[in-house]
Amino acid sequence: IIQAPRAVVHWDHVEEGRDSKGIAEKGRKVSWSELFLDLVLVTDIGLLGESYQSGAISLLEGIVTYRLIYCCWWSTTQFAGRFYTDDLIDKYTSGVLMLCLVGAALRIGEDY
């Protein structure tokens, strides 16, 4: 159910003769949960653009919200690339993050 995080190096290839402090995983594929999280984030950005285009939010509000969404994506991508585990806790936290991002996307034009 729960696995300890481990450092993953060389995401898609292993170099011979190079010392590594992590676990080299040859041929690691992106998980479905990572792809679905990317899809949720792309939807958030699309809804943000529509809200800006319709005049529901200002340029500054759009930039700040985009930056927050980008930071969510960047931090989850960095964590997944460095400490990849495919356990229940990782899937649960990804699911909670996705639900929060979907909820935020539904409120983008209304809360400003």
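The model is predicted. The protein chain has 112 residues, and 23% of them count as buried. Its secondary structure comes to 3 helices and 2 strands. From the N terminus on, the order is β-β-α-α-α.

**Overall fold**

- Take the contacts in the protein chain with a separation of 6 or more: 66% of them join residues 24 or more positions apart.

**Helix 1 and helix 2**

- Two packed helices are described by the angle between their axes and the distance between the axes.
- Helix 1 spans residues 32-54. Its axis and that of helix 2 come within 10 Å.
- The two axes cross at roughly 175°. Angles over 145 degrees count as roughly antiparallel, so helix 1 is roughly antiparallel to helix 2.
- On the helix 1 side, the contact is made by Glu34, Leu37, Asp38, Leu41, Asp44, Ile45, Leu48 and Tyr52.
- On the helix 2 side, the contact is made by Leu59, Gly62, Thr65, Tyr66, Ile69, Trp73, Thr76 and Ala80.
- By class, this contact has 10 nonpolar, 3 polar and 3 charged residues.

**Glu34**

- Glu34 lies in helix 1. Glu34 is also among the residues that make the contact with helix 2.
- Its relative accessibility is 18%. Buried means under 20%, so Glu34 counts as buried.
- Glu34 and Thr77 are 43 residues apart along the chain. Their C-alpha atoms are separated by 8.2 Å.

**The second largest pocket**

- Rolling a probe the size of a water molecule over the atoms shows where empty space is left.
- The second largest pocket holds about 160 Å³ of space.
- It is lined by 10 residues. Thr65, Leu68, Ile69, Leu101 and Ala104 lie nearest its centre.
- Helix 2 (59-82) and helix 3 (88-106) are the elements that give two or more residues to this lining.
- Helix 2 gives the most, with 4 residues.
- By class, the lining has 8 nonpolar, 1 polar and 1 charged residues.

Key
Residues are numbered from 1 along each chain as its sequence is written. This is a predicted model: local features need pLDDT of at least 70, side-chain atom pairs count only at pLDDT 80 or more; totals for chains, interfaces and linings use all residues. Side-chain values use heavy atoms; hydrogens and water are left out. On a 1 Å grid over the protein atoms alone, a cavity is a set of points where a 1.4 Å probe fits but cannot get out, and a pocket is an open set with protein on both sides within 12 Å along at least five of seven lines; lining residues have an atom within 4 Å of a point. Grid points are joined across faces, edges and corners, and a volume is the space filled by probe spheres set on the points. Ala, Val, Leu, Ile, Met, Phe, Trp, Tyr, Cys and Pro count as nonpolar, Asp, Glu, Lys and Arg as charged, and the others, Gly among them, as polar. Axes are lines fitted to C-alpha atoms, for helices over the stretch in contact, and angles run from 0 to 180 degrees between N-to-C directions. Angles under 35 degrees count as roughly parallel, over 145 as roughly antiparallel, 65 to 115 as roughly perpendicular and the rest as oblique. Contact means heavy atoms within 4.5 Å. Buried means under 20% relative accessible area, exposed over 50%, partly exposed in between (1.4 Å probe, protein chains only).
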